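Here is a friendly briefing to read alongside the model. Have the structure open as you go through the points below.

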Amino acid sequence: MAEERLIDDDKDRKYKIVKNADGEDELVIDGAPDEAESADEVGFEVPELDSDDEEAAIMTPEQLAARERMREEAEAARRKKLSEIAARASSLLDEKKYGDAGYVLAEADELSDDGEIYALKLRALTHDFTDFSNAEDGLAAADGVKSFTAKETVEKLAFAIPALKVKSEELKEEVKSLDMENEEKKGERRTVFARKRNISAIAFAATTVPLIVFAALAIYFGTHLTAVKDGGNIPLFIVFVSLAGAFFVATVIVAKILWKNANVLKLNEKNSATKLGRKLEERKSELNFVESISEIFVKNDIS
């Protein structure tokens, strides 16, 4: 019974039989590590695998570990390269060499998204927030700052906030003034172009209706050339064919004029068709750009 209790109490332990000093068998606790388990231990950690990683399914643990090391080395090299680019660009920006800084930062385009790089790009494209004319590329940089740049880095750009507020107000006033002027000019041109289009439409109708009538008469007499014994339908056929031909030419000419006038009237509504309209759109783009930059600071609770 004592032996059963001993085994029951120590059921989670491992035992082995050895010879004691008297040459008798003795049951002792085996404190040595299990040889079978030791043989199965691997000298490195196997990285966690993506369930969609088909390549990993056929790789050995050693190959997986080697691949993970390669990835870590590649990431370290990427970070080092980005750090070097950021340092060079920052130095150029301090010297106000914005074009050179932008050229250097372009080297980072293939190194994935990086918040500091986007912040430096934004400085380069705006000449430290004094020029907002490059709105298209600038908006892409601003979006990158919103998505990838840490608050600590954004805080370094806070010097731009006062200038952004002033620029925003200036652009709003300019856009409002240009928009009013542009609409006034559009209205003046619209009246003239609409009148020309309407006249062309009337002229088109004035040539189309006779064309249809004379063409119908020409067809009728053309199909009844022998209906009259003395051939009296032949001269009529020739006359109506000639008239139909003349009005056809006139209709084609008038149709081209109508299309042109209608197209001009339609084009008048597009801002891109006039110098004033293009200037308005440029200022709108700049305003959108400035407000997009301002949103970066709002998002990070920086004022």
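This is a predicted model: local features need pLDDT of at least 70, side-chain atom pairs count only at pLDDT 80 or more; totals for chains, interfaces and linings use all residues.

Residues are numbered from 1 along each chain as its sequence is written, and side-chain values use heavy atoms, with hydrogens and water left out.

**Salt bridges**

- The structure holds 14 salt bridges, each defined as a side-chain nitrogen of Lys or Arg within 4 Å of a carboxyl oxygen of Asp or Glu.
- Side chains of opposite charge can pair when their charged atoms come close.
- Lysine 186 and glutamate 183 form a salt bridge, at 3.8 Å from N to O.
- These two residues are separated by about one helical turn because they sit three residues apart in helix H8 (residues 161-222); helices here are DSSP runs (H or I, at least four residues), numbered from the N terminus.
- Lysine 186 counts as buried, at 6% relative accessibility, whereas glutamate 183 is partly exposed, at 40%.
- Elsewhere, salt bridges that share partners join Glu174, Glu282, Arg283 and Glu286 into one network.
- Glutamate 107 pairs with arginine 88 in a salt bridge whose closest N and O atoms are 3.2 Å apart.
- That pair links distant parts of the chain, 19 residues apart: glutamate 107 lies in the loop between helix H4 (98-105) and helix H5 (115-126), and arginine 88 lies in helix H3 (residues 61-94).
- Glutamate 107 is partly exposed, at 32% relative accessible area, and arginine 88 is partly exposed too, at 39%.
- Arginine 123 and aspartate 128 meet through their side chains in a salt bridge of 2.7 Å, N to O, and both residues are buried.

**Helices H6 and H10**

- The axes of helix H6 (residues 135-148) and helix H10 (residues 275-299) come within 10 Å and cross at roughly 10°.
- The axes are lines fitted to C-alpha atoms, for helices over the stretch in contact, with angles from 0 to 180 degrees between N-to-C directions.
- H6 is therefore roughly parallel to H10, a label for angles under 35 degrees.
- Contact means heavy atoms within 4.5 Å; among the residues that meet are Leu139, Ala142 and Val145 in H6 and Phe289, Ile293 and Ile296 in H10.

Conventions
Angles under 35 degrees count as roughly parallel, over 145 as roughly antiparallel, 65 to 115 as roughly perpendicular and the rest as oblique. Buried means under 20% relative accessible area, exposed over 50%, partly exposed in between (1.4 Å probe, protein chains only).
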